[in-house]
Amino acid sequence: MDIKQIFKNNQNWVQTKLNVDSNYFNNLSKGQNPDILYIGCSDSRVTAEELMGVSPGEAFVHRNIANMVPNTDLSVMSVIDYAVLHLKVNHIVVCGHYYCGGVKAAMESQDLGILNPWLRNIRDVYRTHRKELIEINDEDKRYKRLVELNVQEQCINVIKTAEVQRAYRERGLIVHGWVFDIHSGRLIDLKIDFSKILENVMDIYRLE
Ligand SMILES: [Zn+2]
């Protein structure tokens, strides 16, 4: 990777935008008003804006290894808080992807140092859904299913937060679970039953 090339690319990009709209960056500097919070994986093959076809200003984005939402992680919790309370997004997406290295690592028994506590959250997902997962003999299929179940569990982690529960009641905010299939390039909606999950979650995690 030629770092100098990146600056050339940037110059070209600026010019392309200005050719279409000479006020493009002036307008961009005035503020952001995204309607969607996207929580995805840091994987270099899974871009956020590009795969959704959205422009700068349209999506608030958080990415980490394996699109996790641990409720004790200050970074992701701050992003959710800011997106819901200040930007007032109406959609939160947790987007996982097949062939996720983080999920793969959590399926294997190896010591990965500082990554251990992070990946343990995925091992917890495996434990929670162990019965379903051990029934799947094909390792590739089991791996894919764990990716989907991890997305579902991270959606639940989003729904556990007080600000999301409040925004759901006040303005009908919705949480979506998606998987990006690297093999086909397609985005798959897992059609997570948001209201049912919310009902179960509220039973235990209701804060007011
Ligand atoms: Zn990944």
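**Reading a helix pair and a core**

Author: This is a predicted model. We begin with a pair of helices: Gln165, Tyr168 and Arg169 in α9 meet Phe194, Ser195, Leu198, Val201, Met202 and Tyr205 in α10. By class, six residues of this contact are nonpolar, two are polar and one is charged.

Reader: At roughly what angle do the axes of α9 and α10 cross?

Author: The axes of α9 (residues 162-171) and α10 (residues 194-205) cross at roughly 125 degrees and come within 12 Å. Angles from 65 to 115 degrees count as roughly perpendicular and those over 145 as roughly antiparallel, so α9 is oblique to α10. The crossing of the two helices is left-handed.

Reader: Is Val84 buried or exposed?

Author: Buried means under 20% relative accessible area. Val84 has 1% relative accessibility and therefore counts as buried. Val84 belongs to helix α4 (residues 74-85).

Reader: Which residues does Val84 touch, not counting those up to four places away in sequence?

Author: They are Val89, Ile92, Glu163, Val164, Ala167, Arg171 and Leu173. Val84 and Ala167 are 83 residues apart along the chain, with 7.2 Å between their C-alpha atoms.

Reader: Which residues touch the most other members of the largest nonpolar core?

Author: That core has 48 residues, and those touching the most other members are Leu37, Ile80, Ile92, Val158 and Val175. Helix α8 (residues 139-159) contributes the most to this core, nine residues. Another core, of ten residues, lies apart from it and includes Val46, Ala48, Met52 and Val93.

Notes. Residues are numbered from 1 along each chain as its sequence is written. This is a predicted model: local features need pLDDT of at least 70, side-chain atom pairs count only at pLDDT 80 or more; totals for chains, interfaces and linings use all residues. Side-chain values use heavy atoms; hydrogens and water are left out. A nonpolar core is a set of buried Ala, Val, Leu, Ile, Met, Phe, Trp, Tyr and Cys residues joined through side-chain atoms within 4.5 Å. Buried means under 20% relative accessible area, exposed over 50%, partly exposed in between (1.4 Å probe, protein chains only). Helices (H or I, at least four residues) and strands (E, at least two) are DSSP runs, numbered from the N terminus. Axes are lines fitted to C-alpha atoms, for helices over the stretch in contact, and angles run from 0 to 180 degrees between N-to-C directions. Angles under 35 degrees count as roughly parallel, over 145 as roughly antiparallel, 65 to 115 as roughly perpendicular and the rest as oblique. A crossing is left-handed if the near helix is turned anticlockwise from the far one by less than a right angle, and right-handed if clockwise. Contact means heavy atoms within 4.5 Å. Ala, Val, Leu, Ile, Met, Phe, Trp, Tyr, Cys and Pro count as nonpolar, Asp, Glu, Lys and Arg as charged, and the others, Gly among them, as polar.
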